[in-house]
Amino acid sequence: MESMGERFGAAVRRLRESKGWSQERLAGHAELNRSYMGEIERATAMPSLATAAKLAQALEVSLSELISHCEAPVTG
């Protein structure tokens, strides 16, 4: 089972790649360090809510949409 950090990192990576952006470009748009972007995507760092909001804004999605990409699927 994936952790929240792994799902969040994967969601950021998918959204970034859908724009054809490098980690460096996303980091620039979100005013973050490029190496920190890599840590987020690899789930070795968990961003604060404020940083998640910066990422959402840079990716042109709402924070709630970004978070919804990380929710674990509901099993019945």
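# Salt bridges in a predicted model

The structure contains four salt bridges, a salt bridge being a side-chain nitrogen of Lys or Arg within 4 Å of a carboxyl oxygen of Asp or Glu. Side chains of opposite charge can pair when their charged atoms come close. The model is predicted, so local features need pLDDT of at least 70 and side-chain atom pairs count only at pLDDT 80 or more, while totals for chains, interfaces and linings use all residues. Residues are numbered from 1 along each chain as its sequence is written, and side-chain values use heavy atoms, with hydrogens and water left out.

**Glu 41 and Arg 13**
- The side chains of Glu 41 and Arg 13 form a salt bridge, with an N to O distance of 3.4 Å.
- Because Glu 41 belongs to helix α3 (residues 34–41) and Arg 13 to helix α1 (residues 4–18), the pair ties together parts that are 28 residues apart in sequence; helices are DSSP runs (H or I, at least four residues), numbered from the N terminus.
- Glu 41 is buried at 4% relative accessibility, where buried means under 20% relative accessible area, exposed over 50%, and partly exposed in between (1.4 Å probe, protein chains only).
- Arg 13 is partly exposed, at 27%.

**Lys 19 and Glu 60**
- In the salt bridge between Lys 19 and Glu 60, the closest N and O atoms are 2.8 Å apart.
- Lys 19 lies in the loop between α1 and α2 (23–30) and Glu 60 in the loop between α4 (49–59) and α5 (63–68), so this pair links parts that are 41 residues apart in sequence.
- Lys 19 is partly exposed at 29%, whereas Glu 60 is exposed at 63%.

Technical notes: Helices (H or I, at least four residues) and strands (E, at least two) are DSSP runs, numbered from the N terminus.
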